[in-house]
Each structure stands twice: as C-alpha cells, then as structure tokens.
Amino acid sequence: MTDYYKLLSFGDVIELSIGVNPDKLLDEIDGFEWSQYNPRKANNRLGLSITSSDGSFNKIDLDSLYEYNLENGTRYRETAFKTRTDVYDASEEIQKVIDVFGEHVCRSHLINMKTNGSFPPHRDWRRIDIQETFRVLVPLQFCNPNDMYFMYEDKPLHFNHGKAYFINTNKNHSVFSFSDNAIFVVINVEVNADSLDIILDNMSAK
C-alpha cells in the first residue's frame, strides 16, 4: 500500500507510452456480441470481456461484483477474472496493452457507452489498509467532450485516443456519454512491486 501511495506522487492521472491503434482494434473485435454492463441497472452501457473467470463470456465480470456476490453467495473479487477470452485472442492491439502487465492483469473489458449512458459519481476503492488493484484506461473513440465527459473530481479529462492512462480511481469520478459508441478499454491490474514498476517504466513523461 505504501508503494501505491508513492506512485501517486507522480500524479493521479498518468499518460503512459503504451498505446494501440483504435481503428485496428475495433476492426479486430467486430462481430463479437456485446452484453449489458451491470444488467441490474438501466444504464445504456455495454461491455465486452477481455478476461473472465474461466475464459468464457459468462458475464459475471460485467456485473456488479458486490451485488452478484450478495445474490449468489459467492466471493468474487477483481483478481478472480484473469483468464483471457476470445476477444483477447482475436485482437493483436488488445494483446499489445494487456501483455505489458502480463500475469498481473485481472478483470478487464471494453465498455461501449451509448447516448445517455453514465457511471454516476463513485469511487472504485474505499479502504486505506490495502490497495488490491489499480485501473488503466485506454480510450478508443468519442471519449472526449462533447461526445463523452469523464469527470475526475470537478474537471473533465481530455484523452489522446489510443493511449493508455493510469488513473487513481479512488478519487471521485463519473462518466456521461452524449454520443453512441464512446468506447474505451478498462484494465484492472494487481498492485504489487512489479506492476507499479511497469507504470513507472512506461510513463510518457520521464
């Protein structure tokens, strides 16, 4: 945990030198069936699994883990979803960014925000004794104002599409889409000395 806090001394939003070709990536995954993201809520968001619990599209990883566990008596955590799906196998561009983090990658997926799709204000982690995972975001298309607003505390973020970003999502953030097909990749990475070094080694600004 202390090492994670040290990483934040470099910033809460860090552009990385890791990147993808968005158009090529979207072509590579064309034909896969998207599923409702967090199907318990009418939120106009779709998801496509890059990893899952067993490599299948069982959709557990696209649900609210808290609500799924409560309803099914399970104890899934982000780290339970480490097996690559066919989406990973089909896309060389996805492999380029996922493979940088290797065995440290856990629950990861693409999200497609439709018009009026949103993530209300929230924090992804609310403990101070341990930090299990961190988030890397790769915006692909329509992820900037006025198409989509990724609000980080009180400011909208502006992305270079195709670039990967470390984002400290412990801070309050929300997402609102005003266009169809605002698509980005969300990668959850286990916190450990190796994965933190990967972020430091791949910062765009050295």
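Predicted model: local features only at pLDDT ≥ 70, side-chain atom pairs only at ≥ 80, totals over all residues.
Student: What do the side chains of glutamate 78 and arginine 107 form, and at what N to O distance?

Tutor: They meet in a salt bridge, that is, a side-chain nitrogen of Lys or Arg within 4 Å of a carboxyl oxygen of Asp or Glu. The pair links distant parts of the chain, with glutamate 78 in the loop between α3 and β5 (83–84) and arginine 107 in strand β6 (residues 105–113), 29 residues apart. Helices (H or I, at least four residues) and strands (E, at least two) are DSSP runs, numbered from the N terminus. So what you asked for is a salt bridge, N to O, at 2.7 Å.

Student: Which arginine in strand β8 pairs with glutamate 78?

Tutor: Glutamate 78 also has a salt bridge at 3.9 Å, N to O. Because its partner sits in strand β8 (residues 133–141), this pair ties together parts that are 57 residues apart in sequence.

Student: Is glutamate 71 buried or exposed?

Tutor: Glutamate 71 meets arginine 40 in a salt bridge of 2.9 Å, N to O. Here arginine 40 lies in the loop between β2 (35–36) and β3 (45–49), and glutamate 71 in helix α3 (residues 65–72). Arginine 40 counts as partly exposed at 33% relative accessibility. Glutamate 71, because its relative accessible area is 59%, is exposed.

Student: How many salt bridges does the structure hold?

Tutor: Some share partners, joining Lys24, Glu28, Glu92, Glu93 and Lys96 into one network. Across the structure, the count is 16.

Student: How many residues are in the largest nonpolar core?

Tutor: A nonpolar core is a set of buried Ala, Val, Leu, Ile, Met, Phe, Trp, Tyr and Cys residues joined through side-chain atoms within 4.5 Å. In the largest one, Ile94, Phe101, Leu110, Phe134, Val136, Leu140 and Ile187 touch the most other members. Another core, of 18 residues including Met113 and Phe159, lies apart from it. The largest core has 35 residues.

Note on methods
Residues numbered from 1 in each chain as written. Heavy atoms only, no water. Buried < 20%, exposed > 50% of the residue type's maximum accessible area, 1.4 Å probe, protein only.
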